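I wanted a record of what I looked up in this model, entry by entry. The notes below follow the order in which I worked.

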Amino acid sequence: MTRALIVIDVQESFRAHPLWETISEPKIAQQVDRLVGLARRAGDTVVWVLHSEPGSGDVFDPALGHVRLMDELRREDGEPLLHKTSHNAFTTTNLQQLLTERGVREVTVCGIRTEQCVETTARLASDLGYRVTFVTDATATNPIPHRDAPEGQSVADLLADPRTLSAEDVVKRTEYALAGRFATIATVEALETAAASRA
């Protein structure tokens with residue numbers, strides 16, 4: 001077993017956040033579920049990672065009950081579930097140790113916040129020597145406000161501000177930054193097709 005699928009932050013916290021209505025891929029759970037099915041059929045390790053901010057009082061505070069997998073997803077017995085407090089999935093968890101113990105050399109990454117948690121995990125995995133596949137349509141993100149936008153901007157104001165970076169542009173820029181440097185960019189369909197051809 002030399003490959004692992006790392007599912008990053010596909011959790012109910014995001015659905016409880018006001019920005020969910022702007023998410024780039026509302027069906028992120030279904031896309032991730034397809035990848036999980038592929039990984040399980042191939043005998044790959046599936047690692048689930050959740051973002052947690054204890055004591056914050058917001059949607060990432062475990063005390064509020066949102067820090068759990070999206071309801072459509074099911075973790076099987078033996079599949080690791082890690083809780084992180086940093087953007088990337090390595091720094092505040094034992095992910096690297098877990099992958100090393102299982103002989104993993106290739107990782108596929110997917111999840112929420114394309115340019116943040118998923119990208120930083122992909123970059124660090126590459127730096128650590130893993131071969132990385134970034135499944136772009138199994139990630140999701142939100143528009144990014146301009147650095148000079150007022151704090152606590154409403155969703156309507158965010159979308160109306162011409163300086164806002166759209167979620168579509170965020171995804172494109174992330175692909176551009178990662179491709180050929182840190183990761184291979186793939187789609188769920190392409191990975192399904194490749195798996196079918198190997199069968």
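**Entry 1: helix 2**

The expected span here is 1.5 Å times one less than the number of residues in the helix, and helices (H or I, at least four residues) and strands (E, at least two) are DSSP runs numbered from the N terminus. I note at once that this is a predicted model, in which local features need pLDDT of at least 70 and side-chain atom pairs count only at pLDDT 80 or more, while totals for chains, interfaces and linings use all residues. Residues are numbered from 1 along each chain as its sequence is written, and side-chain values use heavy atoms, with hydrogens and water left out.

I then listed the buried residues of helix 2, which are I28, A29, Q31, V32, L35, V36, G37, L38 and A39; buried means under 20% relative accessible area, exposed over 50%, and partly exposed in between, with a 1.4 Å probe and protein chains only. These buried residues pack against strand 1, helix 1, strand 2 (45–51), strand 4, strand 5 and helix 7, where contact means heavy atoms within 4.5 Å. Just after helix 2, I found G43 with a positive phi of about 80°.

**Entry 2: the largest pocket**

I next asked how much space lies in the largest pocket. The volume is about 550 Å³. A pocket is an open set of points on a 1 Å grid over the protein atoms alone, where a 1.4 Å probe fits, with protein on both sides within 12 Å along at least five of seven lines, and its lining residues have an atom within 4 Å of a point. Grid points are joined across faces, edges and corners, and the volume is the space filled by probe spheres set on the points.

The largest pocket is lined by 22 residues, and R3, D44, T108, L191 and R198 are the closest to its centre. Two or more lining residues come from each of strand 1 (3–8), helix 2 (28–42), strand 4 (106–112), strand 5 (131–140), strand 6 (184–186) and helix 7 (188–198). Helix 2 gives the most, with five residues. By class I recorded 13 nonpolar, three polar and six charged residues in this lining, counting Ala, Val, Leu, Ile, Met, Phe, Trp, Tyr, Cys and Pro as nonpolar, Asp, Glu, Lys and Arg as charged, and the others, Gly among them, as polar.

**Entry 3: the second largest pocket**

The second largest pocket holds about 240 Å³ of space. Its lining has 13 residues, with L19, P145, G152, Q153 and L158 nearest the centre, and divides into seven nonpolar, four polar and two charged.

**Entry 4: helix 4 and T114**

For helix 4 (residues 114–127), the 14 residues should span 20 Å at 1.5 Å a residue, and I found the end C-alpha atoms 18 Å apart, which agrees. Its buried residues are T114, E115, C117, V118, E119, T121, A122 and A125, and what covers them includes strand 1, strand 3 (81–84), strand 4, strand 5 and helix 6 (167–178). G129, which follows helix 4, has a positive phi near 100°.

I looked at T114 on its own, and at 0% relative accessibility it counts as buried. Its side chain is joined to that of T139 by a polar contact of 2.8 Å, a polar contact being a pair of N or O atoms within 3.5 Å, of which, within protein, one must be able to donate a hydrogen and the other to accept it, and residues adjacent in sequence count only if both atoms are side-chain atoms. Neighbours within four places in sequence aside, T114 is in contact with E119, F134, T139, A140, T141, V171 and T174.

Most residues other than glycine have a negative phi. D9 lies in the loop between strand 1 and helix 1 (12–15). R113, in the loop between strand 4 and helix 4, is likewise not a glycine and has a positive phi of about 75°; R113 is buried, with a relative accessible area of 17%.
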